[in-house]
Amino acid sequence: MRWLHKILTLAIICTAAGEDCPTACTCTSARLQCSNLTIPGNHLNKTIIAKYGTELRNITWTDSTVQDLDQDLFLGLYKLEYIDLSRNEIQRAKDELFARLNNLVYLNLSRNKIDDIPRSTFKFLDNLEILDVSHNHLHVIPFQVFGPLTRLKYLDISHNKIATFLDYFFKPNRQLKQLFLNNNSLVEITSKALVNLKELEILDLSANKLDYIPKSILDHFEHLTDLNLSYNNFQNISYDAFKKLYKLKWLDMGGNRLKWLPAGLFQNNENLETFYLDNTQITVIQNTNFKGLINLQRLFLRDNRNLSEIERYVFEDTPDITHLDISGNDLTFLPLSLEKLDKLKTLKINKNPWACDCRMAWFAAWAEKRKDIIRSDLSCRRAYPGDMLRVLNDTNCKPPQLISSSPLALYRLQSEARLECKFDGNPAPSITWITPTRDVFHWNPNPLVPDLFRKHGTAHDQYYRPIDNERSRVRVLEDGSLLITDIHREDTGTYICYATNPSANVTAEVILNIDPMTMFEIKIYSLICGAFCAALFLGMTLLIQAIRYIFYRFRLLETCCSCCACVSRDAPRSRQIYNMLDNIEQYKRQQLEKLRENYAVQVHRIKENCTQQMEWIQNSYSSQATHLRNIRDIGTNHLTSMKDQYYDQVKRVREYSTSQLNWVRENYVFQRNKIRKFSAHQILRLRESYKYQQQTLNKVLENLPTLYFENCRSGSCGRSDSMAFDPDVEVIDMYLKTKIEKLTHLPNPITDDESKMSVYYTPTERSVNSRRNSPLTIPEGIHINMIERGPPKLMAKIKPLQPVPPPSLDYSTPPSTSKAGLSVGHVKYKCDRSEFKPFSEPLLGRERGKCQLAVSASSPELRREVDCEAAREPRAEGEAAREARVLLAVELAQPECEVKHAAGQLVCGECAGLCENTPL
């Protein structure tokens with residue numbers, strides 16, 4: 001029921017709204033859109049808007065005859081986000097018309113008749129991002145009228161009549177990204193009018209009356225991508241106008257009165273992709289105009305009626321061009337660099353007076369390969385349409401070839417020479433002469449067809465300063481030859497003759513030399529002239545001296561002076577004049593005297609001052625020289641002392657290092673010898689201990705009966721209920737360790753002074769060999785015997801002894817001792833090896849095949865033997881199967897408990913009593 005109630009309520013609201021909404025409008029609770037709606041008095045007031053509620057977010061009222069708006073039209077509609085009042089007849093925006101619409105984002109007042117925008121019109125529109133007031137009648141707007149719009153990103157003031165913008169006009173609008181000022185009457189825009197717009201991406205200044213672009217107006221737009229400067233009155237542009245536009249991608253400079261482009265204009269615009277240069281007065285595109293446009297893709301050079309040439313290497317700086325339109329110009333030939341545009345997809349070259357001569361001969365083969373990209377007809381000037389390729393294929397172009405040149409000849413000074421170079425080719429090649437003084441003269445056989453050097457003039461020097469070919473002593477004639485009149489010495493040398501046509505160029509040389517006889521004659525004439533001048537000077541000197549002598553000799557000078565003195569000195573006027581002259585002469589004489597005295601005094605003072613200065617300078621120089629000499633001596637002494645100290649330190653370090661190395665070497669040898677001796681001593685002691693132990697054990701096994709041996713070992717010696725001998729491995733191991741400890745206290749059998757000094761000794765081969773041959777003194781009571789296996793392994797292999805079977809008497813064999821059985825007296829105990837093991841076998845080991853190993857390097861007299869069968873058995877630890885032959889020495893001192901048996905052998909005291917009472 002609740003849902004049904006809501007649906008009915010919504011239906012009622014929609015029905016009520018539909019009743020109030022005109023047929024030309026679309027009305028909802030949040031949107032009001034009206035178009036072509038006539039209202040009474042063409043006055044849009046609050047009453048009309050209020051009936052649609054206060055929840056409106058979008059108001060669009062366009063294509064109507066609205067002329068006036070109430071000042072409180074939007075009062076209470078604080079949720080408005082979108083207002084479009086375009087294409088009406090609104091004449092004025094009221095003060096604070098949009099006040100308090102803080103949520104407003106879009107405002108369109110375009111295509112009205114607004115002629116004034118009050119300063120507070122856009123007050124409190126903090127969130128407005130898009131504002132369009134284009135196509136109105138605005139002549140002037142208040143300074144920073146858009147200042148409250150701090151978040152404005154799009155501003156269109158185009159198609160008005162605004163004449164200028166002052167400095168800092170858009171300073172508050174820092175977030176502005178798109179600004180359209182086109183189609184106004186801008187005659188001036190100051191250099192700081194657009195300052196602070198660092199986020200600007202699109203700027204349109206087209207269709208205004210700007211005569212120039214301020215030099216630094218574009219220096220702040222580092223993020224600018226699109227710039228439109230078309231259809232203004234620019235006649236020139238600065239070469240660094242675009243130096244800070246690093247991200248510029250689209251540029252239009254068409255419709256201006258530009259006559260040329262400065263070199264390097266686009267050297268910092270590597271990202272430029274589209275460039276328009278239409279309807280200008282440019283006459284030529286130079287090789288350096290497009291330098292830096294490495295990423296240019298679309299180039300439009302259309303309808304430039306004065307553009308007659310694109311220089312040869314222009315397109316080498318734009319290798320990525322895909323669309324090229326050069327239609328509607330005055331071009332007669334295409335540049336050769338066009339064939340290097342491998343990425344070209346569209347080419348338009350129509351409406352040009354193509355000459356179709358050898359300058360475009362290459363285009364025929366290129367066009368045949370790239371027919372798919374040409375989007376215009378190929379026609380020659382004053383020829384049948386579409387015949388360009390046929391004409392170009394039959395041009396019959398030939399490179400220039402040298403036919404003849406002036407031979408080597410001798411010319412006299414002040415004579416005349418004519419140098420010639422004749423070339424053949426199609427078309428006829430133009431000729432350029434270069435003189436030894438680096439002057440250049442050009443000749444073109446057909447002036448109607450411009451050649452390669454048409455911009456240089458007929459004659460110029462190496463700095464391109466023009467030379468008057470008609471009045472020059474050296475000039476080029478109508479047939480291309482070079483005429484030299486009044487030959488001078490600087491005219492001698494090599495003249496370069498350079499012939500060129502569209503197919504190729506050829507160079508030839510002509511040499512001009514002066515006749516040596518001319519130089520000889522010049523020398524003779526010089527000597528004669530010198531002699532004549534000297535004689536004339538001498539004659540004139542003598543004549544003057546003679547005339548002087550005659551005048552003085554006959555007093556002719558006084559006579560002439562007396563005749564000339566016709567004026568009487570006695571006349572009053574004359575007397576006054578003479579007195580005045582005398583006074584003047586006297587005054588002059590006094591002044592001269594004073595000047596002379598003053599001059600003498602000044603000269604004297606200057607001399608004294610100079611003398612004093614010279615003395616002071618001399619004294620100062622002497623003192624400085626003495627000081628420098630002392631410093632030099634001190635430095636020399638210091639360097640000498642430092643050198644001596646250095647040598648002394650080096651000597652000490654060397655001696656100390658040598659002594660340390662000797663001491664280390666001696667210590668190393670000493671320690672090595674001690675280690676060798678100690679090792680040999682220990683090996684010998686172990687070997688003697690093991691031998692003696694073996695001898696002792698063998699004697700014990702041979703002399704004691706089996707029964708008593710077992711009883712004595714088990715601790716039940718003398719008891720009749722003794723059992724078979726069961727050797728305890730741990731007891732035997734303890735016994736051997738005790739014996740070895742006693743052996744350590746034996747005296748050192750090797751008398752070696754060095755070995756007594758240190759416990760470390762390693763025997764050398766020489767010491768070992770020497771001890772082989774020298775007899776070794778064995779202490780008394782020591783017997784050396786050989787044990788085949790080491791004690792640890794020997795003890796581990798001891799197994800429990802079996803009871804002795806009843807003996808069988810055999811008197812045929814003499815008494816002997818062997819590993820098969822043990823005999824005492826004439827009784828021999830025979831044992832079966834498969835059932836009985838002798839008592840000595842567990843301790844001595846069985847006789848098995850042995851494998852001898854290599855002799856040890858340190859003790860070559862010790863041979864190493866391992867059990868072959870044990871070597872072939874895998875071990876758990878993974879070590880090689882080898883057993884060293886070990887020497888064991890055991891002390892044979894008489895124990896206190898031993899007594900001599902009647903049989904002549906030493907036995908235990910307790911066992912001796914048993915043996916006497918027991919029959920064998």
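Is Cys610 buried, partly exposed or exposed? At 44% relative accessibility, Cys610 counts as partly exposed; here buried means under 20% relative accessible area, exposed means over 50%, and partly exposed is in between (1.4 Å probe, protein chains only). Before we go on, keep in mind that this is a predicted model, where local features need pLDDT of at least 70, side-chain atom pairs count only at pLDDT 80 or more, and totals for chains, interfaces and linings use all residues. Residues are numbered from 1 along each chain as its sequence is written, and side-chain values use heavy atoms, with hydrogens and water left out.

Let's start with the strands. Helices (H or I, at least four residues) and strands (E, at least two) are DSSP runs, numbered from the N terminus. Take a look at strand 4: 5 of its 5 residues are buried. Asn58, Thr60 and Thr62 point one way, while Ile59 and Trp61 point the other way.

Strand 2 runs parallel to strand 4, joined to it by 5 bridges, with Ser35 standing opposite Thr62. Strand 6 (residues 82-84) pairs with strand 4 in the parallel sense too, over 3 bridges, and there Ile83 is the bridge partner of Ile59.

Now for the inside. A nonpolar core is a set of buried Ala, Val, Leu, Ile, Met, Phe, Trp, Tyr and Cys residues joined through side-chain atoms within 4.5 Å. The largest one has 118 residues, and Trp61, Phe74 and Phe146 are among those with the most contacts inside it. Strand 4 (58-62) and helix 3 (361-369) are among the elements that each supply at least two residues of this core, and the largest share, 5 residues, comes from helix 3. Phe146 is in contact (heavy atoms within 4.5 Å) with residues including Phe122, Leu131 and Phe170, leaving aside its neighbours within four places in sequence. Apart from this core lies another, of 21 residues, among them Ile431 and Leu512.

Next come the cysteines. A disulfide is counted here when a pair of cysteine sulfur atoms lies within 2.5 Å, and the count comes to 4. One of them joins Cys21 to Cys27, S to S 2.0 Å, and both of these cysteines are buried. Their link is right-handed, with 75 degrees about the S-S bond.

Cys356 and Cys380 are joined as well, S to S 1.7 Å, but with -95 degrees their link is left-handed. Cys356 lies in the loop between strand 21 (346-348) and helix 3, and Cys380 in the loop between helix 3 and helix 4, so the pair ties together parts that are 24 residues apart in sequence. Cys358 and Cys397 form another disulfide, with sulfur atoms 1.9 Å apart.

Finally, follow the chain to helix 5. According to the unreviewed UniProt entry, residues 524-547 are annotated as "transmembrane region"; such annotations may be inferred rather than shown by experiment. That span is 100% helix, with its end C-alpha atoms 35 Å apart. Helix 5 (residues 516-553) has 38 residues and, at 1.5 Å a residue, should span 56 Å, which agrees with its end C-alpha atoms being 56 Å apart; the expected span is 1.5 Å times one less than the number of residues. Just after helix 5, Arg555 takes a positive phi of about 50 degrees.

Notes. Pairing = 2+ DSSP bridges.
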